[in-house]
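User: I am new to this structure and would like to go through it step by step. Could you take my questions one at a time?

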Amino acid sequence: MILQIKNLFKWVNSGGNRVFLLNDIDFTVNEGEFISIMGPSGSGKTTLLNVIGMLDDFNEGEYAFLNEPVHTLKEKYRANLYKEYIGFVFQSYHLIDELTVYENIETPLLYKKHSASERKALVADMLDRFNIVGKKDLFPSQLSGGQQQLVGIARALVSSPKLILADEPTGNLNSTQGTEIMELFKQLNKEGVTIIQVTHSESNATYGSRTIRLKDGMIVNN
Amino acid sequence: MIRNYFKIAIRNLRKNKLYASINIFGLAIGLTSCMLIGLYIVNELSYDKFNNKANRIVRVTMEYKMSNEINYAATTGTKVGPEFARTFPKIEEYTRTFISTSNVEYGNKLFNEDRILFADPSFFNIFSFNLLQGNAETILDAPNKIVLTESMAKKYFGDENPINKTITVIGKEMIVSGVSEDSPKNSQIKFDFVTQFLNLGNKVKREQWWSANWITYFLLNTGDDITQFEQQINTYMQTDAIRSQAGLEGESYLNYHLQPLLDVHLKSDLAGFEPNGNMTYIYIFIIISLLILLIASANYTNLATAQSTSRSGEIGMRKVMGASKRQVFIQFISESTTITFIAAVLALLLCVLVLPYFNSITGKAFTKLELLQPIPMLLLFLFSVIVSFLAGLYPALVLSGTNVMSVLKKGFRSPGGNGILKKSLIVGQFSISVFLIIYTMVILQQMDFIQNKNLGYNKDHVVVLPISRTMFENFETFKYGLEQISGVQSVTASYETPKFVKWGDGVNVVDENGEHTIDINAMPVDLNFVNTLGMKMAAGRDFIQSDFALMDTTNNSVNYKQPYLINETLAKQIGWSPEEAIGRTIENRASGPVLGVVKDFNFSSLHEPVGPLLMFLGRNFSRNYMVRISDLDVQGTLGHLETLWNERTNSRPFNYHFLDEDYDTLYQTEQRSAILFSVAAGLAVILACLGLFGLAAFTIVQRTKEIGIRKVLGANLSNIILLISKNFLVLVTIAIIIASPFAFFAAKKWLQNFAYRIEPEWSVFIIPVIVTLLVTFLTVGYHSIRAAIVNPIKSLRTE
């Protein structure tokens, strides 16, 4: 079991009313799963993903990640936890414009105190694996969207996380590129990486082993 | 890791060239001013420190009370040195010093030199002037020995070895006994030649307490207990024997103070061989350079914070990938460090470029090599580090505090972008600028007033020709010769020129109201004095040839009468109207009649009101001819003067200056302040506007969409310009309101140094206000117009 969420609530106060963003969320993710979160706009998919990624906090409930109670952890320890075990992939890639492909992939390692030679080896592995060795000195603006997302995934994987969180990873891509990325995720999942993706597309959801549907912050089926 | 930070810093600079150049340029200017001023201050603080025995050397100054007035002087009588050295074992050596001018002749080389030092033989033992040739013990042990500096040796002897050569100085043949290095520029004693003090002649051979014209230095056995030693000396000065020797009676006294050598330049009120430095000047310098640096730093802070919007994505992403707040903070500090150090390199280049101008403002002679010495370099480094933190701190704090979520949300606005800090910094920058502009305006107006003030005499087109004693024999024929030259209108002579009369004296008057003794300034003058200088008579007349008859020296001078002219102030102090004064008898050197009352003219600096002045007919005191020439063909007339001079005299090279130029040197300090403040004000305005320029550009990028929508809704060009300019103009107006009263009071305070001063007019405020607002408007307007003329379709599409 990689994570377990119990009776989780998140709300904002708006004009005296409590508006629930997440309402009594309750589910478990096991190692090796590939989960798709679906639902209409504003149903809380991204919020849930951010809570899982510990980028956002919640108001009530319990969240255990690798048996660590996240809701009671200190900020710093929590940061160490996601730094160590979670990789993020975004719809709009969020590569750093001023860094080259190589440097973008290297960045997470910089914050983890890897030695220079280790970093070099790990980044080289990634470049190799994704077939982008020839593009390593290019800047993000010189790449196509699909290639940028490839770099984004390489960056998420370079520190070998247990869990990948992907927020509509194909949202900005055309269908061919989208399929390639989804195939890649499937491949990674086979190699043992747990993946949670947020998606709008039913066809993308089929790549997953399980789908969680949200509506108005509540899970409607699991 | 750090390398990664610098890399991204450099790439960001390249991407945002406008901000980068504003920041680098601004910080470079700030650092340049700090470095140059640091150099100046280090030089001031290092004064006399090259002397190995500096902490044991003291300068003796005199405090005395005569006729109810306490006076202070840096000069002392000839007795002070030898008498105290005999009496007090604490004194190891003494030297009395004086610097004078003389002709110096060797072979066919003849020059008039004005840095001839007369000093007692122990001079080179007390002070550490390096000797290149000669032995400090014996170098001055005979009256005919003279020491040259290296550059003088070169000037007179070229490649010859000067040792034991004979050279003519003060009319005597002297033997060169040694060569010293040129006196350092941070020495209070600067000389080209050194010879024995006793060579000054009979007037110094007798030891006396008074006739105090010499500066005396002591070398003590230790530098401790100087205050106690001073008391000991003054107790000695109170003993009856000494009091009667010095002719002290009743309340009168004569005391001495010992000033540690290292305190003389910056802490003493009494100027010695050269005008002292001034701590106030140093403080002003420091404040101005720091203000400029502050303005530049504020630019950095503002522009870097403004960019945080576009950087928030990157930072959020870094945090998602595990960067801690501290690591992001360090990243942005390294960014400001990178910029500052690029600026530092540029500053070094700028220093080299502006060094000559800096030298002319400060009156120093710094060389480029001095910039590369460890101390200035260390200063530059230190300031760079401080600025990196000062300027980078706030942006780094804001940016490192960026929430991780911001990367995931659209429409993030930078927390510091519209903050109170940005506004306060702009207000601060412009307050400083407006303050400096107003203050500078006042200084410039006062300087203009000084230059154009009616002094009571006409200082233009008066040539001053310094003369020496040997020329008295031909005084009259020479004067007649001068008068015959075409272009010369009239000729007179005097001891001092009227630009600054220092001769202090007293006058005795007995009239129906009793006896008056009045302290005055006195001036020995020749015929035609009033006429030549264009002064006006309030009553009576100028001296004429027949007045010499009054000065009857026959029969043991029993009938000797000294003819006098007085000024209006003196007449008023005695209690006479100008008309009443004519023909009255007063006594100064001898009793004699007042022949005329001259309308008051400014004979000292405009810092002082006009005091009582006495002019007596005294041709033999003359040190200068003053020649009024016509303003047509000045060069031709000067040529004729030189020809005549060279025909008639062989004892002195032709040397002239203009009275109005001499007058201007009186206000050199003020001139320097004026230049300094003008430069500072200019820089402050330029830097503040550069910052504004960058911020305006940024604001417009942020508001492109808004502007586009407004245009679609029907806003015209002027609406848009006003929209953008309004905020900035409001801030600048606040700055003006804050700065004006401060500037007004500061300027008033400065003006109080002058007895004759302007009243600051409204224009002093209105012009800076208009200029500042106009410059602001133009700075911001440039971007506004560019934004306003863009087709709205285009700007909306970019979103």
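User: How many residues does chain B bring to the contact with chain A, and which helices of chain B each supply at least two residues of the side that touches chain A?
Analyst: In this predicted model, the contact draws on 15 residues from chain A and 20 residues from chain B. The side of chain B that touches chain A has 10 nonpolar, six polar and four charged residues. The helices that each supply at least two residues of that side are H1 (2-15) and H11 (308-320) of chain B.

User: Are helices H23 and H26 of chain B roughly parallel or roughly antiparallel to each other?
Analyst: Helix H23 (residues 668-702) of chain B and helix H26 (residues 763-789) of chain B pack with their axes 9 Å apart, at an angle of about 25°. Angles under 35 degrees count as roughly parallel, and therefore H23(B) and H26(B) are roughly parallel.

User: Which residues of H26(B) make the contact with H23(B)?
Analyst: H23(B) passes H26(B) in a right-handed crossing. From H23(B), the residues in contact include B:Val685, B:Leu692 and B:Phe693, and the residues of the whole contact divide into 10 nonpolar, three polar and no charged. On the side of H26(B), the contact is made by B:Val775, B:Thr776, B:Thr779, B:Val780, B:His783 and B:Ala787.

How values were computed: Residues are numbered from 1 along each chain as its sequence is written. Chains are lettered from A and ligands numbered from 1 in the order in which they are written. This is a predicted model: local features need pLDDT of at least 70, side-chain atom pairs count only at pLDDT 80 or more; totals for chains, interfaces and linings use all residues. Two residues are in contact if their C-beta atoms, placed from the backbone, lie within 7 Å. Helices (H or I, at least four residues) and strands (E, at least two) are DSSP runs, numbered from the N terminus. Ala, Val, Leu, Ile, Met, Phe, Trp, Tyr, Cys and Pro count as nonpolar, Asp, Glu, Lys and Arg as charged, and the others, Gly among them, as polar. Axes are lines fitted to C-alpha atoms, for helices over the stretch in contact, and angles run from 0 to 180 degrees between N-to-C directions. Angles under 35 degrees count as roughly parallel, over 145 as roughly antiparallel, 65 to 115 as roughly perpendicular and the rest as oblique. A crossing is left-handed if the near helix is turned anticlockwise from the far one by less than a right angle, and right-handed if clockwise.
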